[in-house]
Each structure stands twice: as C-alpha cells, then as structure tokens.
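I opened my notebook to record what I looked up in this structure, item by item. Each term gets its cut-offs where I first use it.

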Amino acid sequence: MSDEISFPEIRESVRKLCANFPGAYWRGLDRERAYPTAFVARLTAEGFLSVLIPEEFGGSGLGLGAAVAVLEEVHRSGGNGGAAHAQMYTMGTLLRHGSDSQKWRYLPEIASGRLRLQAFGVTEPTSGTDTTRIQTFARRSVDGYIVNGQKIWISRAEHSDLLLLLARTTSRAEVKKSTDGMSVFLIDIAQAAGRGLTIRPIRTMINHATTELFFDELEVPADNLIGEEGSGFRYILDGMNAERILIAAECIGDGKFFIDRASAYARERSVFGRPIGENQGIQFPIARAHVQVSAAEEMVKKAAILFDAGKPCGTEANMAKLLASEASWFAADMCIQTHGGFGFAEEFDIERKFRETRLYQIAPISTNLILSHVATHVLGLPKSY
C-alpha cells in the first residue's frame, strides 16, 4: 500500500501507545470483565478516536483509511478496539445529517473526549438483523417523543454518554417501503437512566461490555431528533458501511497478530531436535493464513477508498468484512494449533484473542447475510428472505 493509504506515521504512533498496554493489561481486564478506561483515555487524548471528525470541530479531518490504520494496529498489538471503535463511525450520522446546532453542540465535545458517543441502538431481540422489523417506537408528545421498546447487544452503553437510537415513528404496516418510518435520536444516557431507560449487562464469552436496553415511557426532547422524522434508516446506512470496514480492519490486525505469534513460536520451539517451523505441516498453515489475510487486506483497502470517495461501497464493505473475519478466524485456529497446549494458556494471550476474533463471524452482520446480499444485489439471484 502507498503511504497515502497505509498511514505509516499513524501506525507507528499507535504501536508506541499500545506498547504501554501489554498483554498483562488486557488479561487483567478479561478476568474481571472490566472496561479499558486507561487505554481509551489515551486513545482519546492522542486524537486517534477523532480522526474522522472535521478539523473545524476539533478532529483530524482524515478519511476512513486513517481509522483503518488505527484499529488494525491496536489489534495487531494484542489489544481490542471494540471498547471504543464506535466512537469513530457512530458520529457519522450526526456529522452528515445533524443540524448545525447539534453538530456544534456535540462534535467538539466528542472530539475532545469530554463526551463519549460509543453506543449504537439498533438490534432488537425479535428482529435480529432484519432492521425493518424493529418494534421500539417513539410516539409524538407535546414536547418531543415518548420511547418504548427494547434493544439487545448494545455494546458500551454503560461507558458512553450518548446513545444513537433507531426507533420507529411510523409503524411498518403504515409505510409504503419497509425502510421508511424509522427515525434516529441522540439520547443522553445519564439523563435517561432511571427515568425510562434501564441498562442490563450481558455476560458473554468475551469482555465486550455489551448490554440489553429497556425503554419505558422515556421522554426524548424534539431537539434530539437527527434529520427528518422517518428517514433514519437511510441515515444509519453509511455508519453501517463504516462499521463493517473498520471491524474488517480489526480482523486484519487480529490475523497479523496470530501470524506473528505463530511464526515466532515455530522458529523458536524445538521438538525432536529441530525447530517445528522446519516441518511443512507447520509452515503451510501459517503461510496460508498470511495469504488469506493479505488478500482480505486488499478488499478492506478498496472498500475504504470507495467510502472516502463518497462512492457506493455497501457490497465492498460487506465483502471486506466477510473475507477479513474468515481470514482472522483461520489464522486464530492455526495459531492455537501451532502452539499446541500452550495456545490454551492465558499468559500467551492467544486464547483471549481466539475468543475475541470469533465474534466477527456473526457481528455486526452475519456471514450468511453478507452472502445473501452478494447473491441478490451482485449476482441477480432471487431474494432468499
């Protein structure tokens, strides 16, 4: 990749930052299911979470390629950007579709770190990835809206000041297109908690700070509506594309982490009087993982370039996420196999990263949904759902 795309200076700076947060730091958090507060504070202070915010609002004004570089290096270092990555893509809805007053009120605060916008409320228990069937509803009131409903798998809600919420403002039965009638609201979590919003943590196989949200007659001021009522689904699409590209970049970082660790171990580990890396049975899976990660990296780069150019990139974002997540998962399995029993030892960090990278086969969109998208929208096959 050219320097324009690879951002070597950003990568070097992120590597230096991550050196202060070694495996022991992440292992401790994993045991306690604790949030990496110190790590996120450093990322914020050094401007890495505001790279996509325009300079006029206090950010760096860079493109998605810069954010790709940040998150890839975090994951290659053995860390996990999932604690903060939504700060990068969630604010895009506010930036592109918010009013001037909303942007000036929130974006400088987000860029500085005084406010965190890290929670994205879309998924619901009964709708899954069929976003058009969400049931959380915001009805009009004298002063704004009253929200009732439920969301699930909403990560970082306990560690965010603001929540970007997608809710129906017109029922699905009353709209011509199923994607109409949904609106986006910016929720002040501190004000809402206990006054109609209940946050319930969900313990999972990884330390991902995910939650379930319950809305019971939550009052939302009219000023917190972003853009036009009923157009919310369209507003969040760009954010979803950015999310998929950035998570694909994290998978590339994971894949390189596993390849780095497996290669080093295969060179150093001696069995039967010679390094195990001399055996093709060890070499070939590592080499295949490298090939797969390298190919996936090119698709991530292509998707990021299209996104930054303002061109349609939904298919490329989906394909990047699929290829990268499958490449990282193959690399993870290969790394465990290369290390044998030591791959299961906590102190090697491999079993933790193994668990973490498995998530991206199903989130933020499942592999099967991506294949359905490609089959229908690229190959012209009949819609399967």
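My entries below go from the whole chain down to single residues.

**Ground rules.** I noted that this is a predicted model, in which local features need pLDDT of at least 70 and side-chain atom pairs count only at pLDDT 80 or more, while totals for chains, interfaces and linings use all residues. Residues are numbered from 1 along each chain as its sequence is written, and side-chain values use heavy atoms, with hydrogens and water left out.

**The whole chain.** I looked up the secondary structure and found 14 helices and ten strands, where helices (H or I, at least four residues) and strands (E, at least two) are DSSP runs numbered from the N terminus. The radius of gyration is 21 Å, close to the 21 Å that the globule rule gives for 385 residues, so the chain is as compact as a globular protein of that length. That radius is taken over C-alpha atoms, and the globule rule is 2.2 Å times the number of residues to the power 0.38. I also wrote down that the C-alpha trace spans about 80 × 50 × 40 Å along its principal axes. Of the 385 residues, 54% count as buried; buried means under 20% relative accessible area, exposed over 50%, and partly exposed in between, with a 1.4 Å probe and protein chains only. For contacts (heavy atoms within 4.5 Å) between residues at least 6 apart in sequence, 72% join residues at least 24 apart.

**The nonpolar cores.** I then searched for nonpolar cores, meaning sets of buried Ala, Val, Leu, Ile, Met, Phe, Trp, Tyr and Cys residues joined through side-chain atoms within 4.5 Å. The largest has 94 residues, and those with the most contacts inside it include Phe39, Ile245 and Val300. Helix H10 (residues 232-268) gives the most to this core, with 18 residues. Leaving aside neighbours within four places in sequence, I found Ile245 in contact with Leu64, Val68, Val300, Ala303, Ala304, Phe307 and Ala317. A second, separate core of 19 residues includes Ala167, Leu197, Leu218 and Val220.

**Gly232.** Which residues does Gly232 touch, leaving aside its neighbours within four places in sequence? I found Leu166, Met182, Ser183 and Val184. Gly232 lies in helix H10 and is buried, with a relative accessible area of 0%.

**Aromatic rings.** My search of the whole structure gave eleven aromatic pairs. Rings of Phe, Tyr and Trp (its six-membered ring) pair if their centres lie within 6.5 Å, and planes under 30 degrees apart count as stacked, over 60 as edge-to-face and the rest as tilted. The rings of Phe257 and Phe258 have centres 5.4 Å apart and planes at 75 degrees, so this pair is edge-to-face. Both Phe257 and Phe258 are buried. The charged end of Lys353 sits over the ring of Phe257, 5.5 Å from its centre; this requires NZ of Lys or CZ of Arg within 6 Å of the ring centre and within 35 degrees of the ring normal. Elsewhere in my list, Phe21, Tyr25, Trp26 and Phe39 form one aromatic cluster.

**Helix H14.** The twelve residues of helix H14 (residues 367-378) should span 16 Å at 1.5 Å a residue, and the end C-alpha atoms are 16 Å apart, which agrees. The expected span is 1.5 Å times one less than the number of residues. Among the buried residues of H14 I listed Ile370, His373 and Val374, and the buried residues of this helix pack against helix H12 (314-339). After H14 comes Gly380, whose phi is positive, near 70 degrees.

**Backbone in the loops.** I noted a cis peptide bond between Ala363 and Pro364, with omega about 0 degrees; Pro364 is in the loop between helix H13 (350-358) and H14. Is Phe272 buried or exposed? Phe272 is exposed, with a relative accessible area of 83%, and its phi is near 60 degrees, a positive value in a residue other than glycine. Arg33 also has a positive phi, near 55 degrees, and at 27% relative accessibility Arg33 counts as partly exposed.
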